[in-house]
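Here are my notes on the model you sent over. Have it open while you read, and go through the points one at a time.

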Amino acid sequence: MSMITERPVSDPAGTAPVDTVAEAPTTGRRDVRAVVAAYVTLTKPRIVELLLVTTVPAMMLADGGMPSLWLVAVVLVGGSLAAGAASVLNCYIDRDIDQVMRRTKRRPLPAHTVSPRSALVFGLVLAAVSVALMAATTNWLAAGLTLAAIAYYDLVYTLWLKRTTAANTFWGGACGAAPVLIGWAAVTGSLAPAAWALFAVVFFWQMPHFYALAIKYKDDYARAGIPMLPVVASVRRVNAEIIGFSWLTLLSSLAVWPLGMSPIYGVTALVVGGIFVVEAHKLCRRATRGEAVKPMRLFHWSTTYLTILFAAIALDALI
């Protein structure tokens with residue numbers, strides 16, 4: 001598309017011959033902004049933001065205070081690139097089902113804003129840069145975990161598990177919990193029991209968090225042939241897993257308390273974890289009674305829960 005267009009202009013009296021003037025190249029600038037916005041959308045910024053919420057507090061706990069700002073910045077950039085790469089490659093692999101689902105059909109690939117080849121190249125470049133950055137500035141354990149998380153999410157979860165088993169959310173949960181291990185490894189070069197305890201919190205949290213979303217878009221997943229648990233299992237089975245994993249999330253968070261945490265964290269974990277469990281029970285009770293389930297209430301609260309819990313970890317590490 002030309003960045004400069006011409007439009008006819010005449011004088012007010014209509015006596016001068018029709019001429020043409022150049023129009024400002026605003027259309028071209030809008031096109032560039034739209035393309036940039038499409039590539040950013042492919043990285044799923046909201047998911048990146050949530051992953052980073054867990055990374056920095058894990059680094060602070062590993063350090064026993066505030067790590068160097070340089071290290072924090074490097075891990076944030078590397079983690080953002082890695083999470084973005086995983087999401088872009090996920091969009092590339094899932095482009096066939098994204099165009100079927102109402103929730104995803106406006107994403108850049110089904111909307112043909114970005115070509116599949118361009119998305120693939122973009123994702124691979126982001127992945128390579130993220131792993132190289134982590135290897136050059138942190139340590140090989142953190143870099144290896146970063147590479148493993150990207151590969152597992154795209155090759156194991158997206159390409160295989162998501163399309164073949166109702167346990168896809170469970171087995172894919174390791175990817176979402178990996179940032180706490182990566183952040184810890186970046187600081188210490190190793191993985192302590194507290195790191196694995198935080199990993200367990202985020203791992204178990206993902207089931208009720210994502211099952212709530214899957215309930216909301218159950219018809220969408222069914223249309224695309226994706227065997228998410230709410231699509232293929234009974235209400236009783238879904239309820240049992242939501243409640244069970246909510247309790248496991250609470251218990252895992254409390255297991256972190258004796259690993260060097262103060263009552264600041266412990267009380268926070270008990271209170272917000274209790275609310276999380278109560279919300280899970282409410283959703284399941286409504287589903288059992290055949291009432292309006294309101295799954296997004298649990299979904300949004302679960303995000304708030306994780307944010308508050310890890311903010312408490314950061315505060316505890318500082319104090």
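1. Let's start with a term we'll need: a residue counts as buried when its relative accessible area is under 20%, and as exposed when that figure is over 50%. Keep in mind, too, that this is a predicted model.

2. Now try the cysteines. Is C91 buried or exposed? Its relative accessibility is 2%, so C91 is buried. C284 comes out at 3%, which is under the cut-off as well, so C284 is buried too.

3. How many disulfides does the structure hold? The count is 0. For C91, the nearest cysteine sulfur belongs to C175 and sits 15 Å away. A disulfide needs the two sulfur atoms within 2.5 Å, so C91 is in no disulfide. As background, a disulfide is a covalent bond that joins the sulfur atoms of two cysteines.

4. Next, have a look at two backbone angles. K44 is not a glycine, yet its phi is positive, at about 50 degrees. You'll find K44 in the loop between α1 (26-42) and α2 (45-63). With a relative accessibility of 13%, K44 counts as buried.

5. H112 also has a positive phi without being a glycine, and here the value is near 65 degrees. This residue belongs to the loop between α4 (95-98) and α5 (116-137). Is H112 buried or exposed? At 68% relative accessibility, H112 is exposed.

6. On to a pair of helices. Helix α11 covers residues 235-256 and helix α12 covers residues 263-289; their axes are 9 Å apart, and the packing angle is about 175 degrees. Angles over 145 degrees count as roughly antiparallel, so that is the label for α11 and α12. Sorted by class, their contact has 16 nonpolar residues, 9 polar ones and no charged ones.

7. Finally, the second largest pocket, which has a volume of about 170 Å³. Which elements give two or more residues to its lining? They are α11 and α12, the helix pair from the point above. The largest share, 3 residues, comes from α11.

8. If you'd like to pick out that pocket on screen, the residues lining it include I215, K218, P230, V235, V238, N239, L283 and V293. By class, the lining splits into 8 nonpolar, 2 polar and 1 charged.

Conventions. Residues numbered from 1 in each chain as written. Predicted model: local features only at pLDDT ≥ 70, side-chain atom pairs only at ≥ 80, totals over all residues. Heavy atoms only, no water. Axes fitted to C-alpha atoms, helices over the stretch in contact; angles between N-to-C directions. Helix = DSSP H or I, 4+ residues; strand = E, 2+ residues; numbered from the N terminus. Parallel < 35°, antiparallel > 145°, perpendicular 65-115°, else oblique. Nonpolar A, V, L, I, M, F, W, Y, C, P; charged D, E, K, R; others polar. 1 Å grid on protein atoms, 1.4 Å probe; cavity = no way out; pocket = protein on both sides within 12 Å on 5 of 7 lines; lining within 4 Å. Points joined across faces, edges and corners; volume = space filled by probe spheres on them. Buried < 20%, exposed > 50% of the residue type's maximum accessible area, 1.4 Å probe, protein only.
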